[in-house]
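Please find below a short note for a reader who is new to this structure.

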Amino acid sequence: TINDMQNVETEEEIEPDINIPVEAYIPGEYIPATSLRLMFYKRMSLAQSHAELFEIFDELVDRFGAPPEVVLNLRELLAVKVGCRTIRARRLDTGPSAIRVSLAESTPLRPEQLVEFADETQGRLEIDRDMNLLYSLKPEESEEPLETTRQFVDRLVQMTGTDPHDE
């Protein structure tokens, strides 16, 4: 490629695998036309920033009215995905007792930032030598897995110097 000839390094695209136990979809009762549902799924999933995601979501609400909870969940899940791209996470899994994040080697998060964050969490955040994060959840955090995950990822995004709601 031209970048190779010019010795320009490019970062590989990261498309994180996100697993959070929550129902998140656009129901047929909300948008009856399958083609429109698929178009909104595609546009929202390709959003590169929270601003872009929320702009598409606002268009959806303008056209179809107040969304059901599962659509709000979809927006939040995709916001987590946008944040995971920012921190270059390959995978995020939220379970009943912990959030696990596998970071790419190219993550902008520095080990010293993560160690400082781990200290702030009083041992609830563990980091292994491969930069995998394991964040133990409090019982009340387990009850709201999507909200807790969004807050956790937003905190990691903030460590990169990026406003998680302005990316």
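The points below take up the cores, the aromatic rings and one threonine.

1. The model is predicted. Its largest nonpolar core has 26 residues. Those with the most contacts inside it are Leu92, Val101, Leu103, Phe152 and Leu156.

2. Several elements give two or more residues to this core, among them helix 4 (69-86), strand 2 (89-94), strand 3 (98-103) and helix 5 (111-120). Strand 5 (132-136) and helix 7 (145-158) are also on that list. The most comes from helix 7, with five residues.

3. There is also a second, separate core, made of 15 residues. Ile26, Phe57, Val70 and Ala79 are included in this second core.

4. Which residues does Phe152 touch, leaving aside its neighbours within four places in sequence? Phe152 is in contact with Ile99, Val101, Phe117, Leu125, Leu133 and Tyr135, with those neighbours left aside.

5. Four aromatic pairs are present in the structure. Tyr30, Phe40 and Phe64 are linked by ring pairs into a cluster.

6. Two arginines are placed over rings. Arg75 lies over the face of Phe57, 4.6 Å from the ring centre. Arg155 has its charged end over the ring of Phe117, at 4.7 Å from the centre.

7. Thr148 belongs to helix 7. Because its relative accessible area is 8%, Thr148 counts as buried. Its side chain reaches the backbone oxygen of Glu141 at 2.9 Å. A polar atom of the Thr148 side chain also lies 2.9 Å from the backbone oxygen of Glu144. Leaving aside neighbours within four places in sequence, Thr148 is in contact with Ile99, Leu137 and Glu141.

Key: Residues numbered from 1 in each chain as written. Predicted model: local features only at pLDDT ≥ 70, side-chain atom pairs only at ≥ 80, totals over all residues. Heavy atoms only, no water. Core = buried A, V, L, I, M, F, W, Y, C linked by side-chain atoms within 4.5 Å. Buried < 20%, exposed > 50% of the residue type's maximum accessible area, 1.4 Å probe, protein only. Helix = DSSP H or I, 4+ residues; strand = E, 2+ residues; numbered from the N terminus. Contact = heavy atoms within 4.5 Å. Phe/Tyr/Trp six-rings, centres within 6.5 Å; stacked < 30°, edge-to-face > 60°. Lys NZ or Arg CZ within 6 Å of the ring centre and 35° of its normal. Polar contact = N/O pair within 3.5 Å; in protein donor to acceptor, adjacent residues only side chain to side chain.
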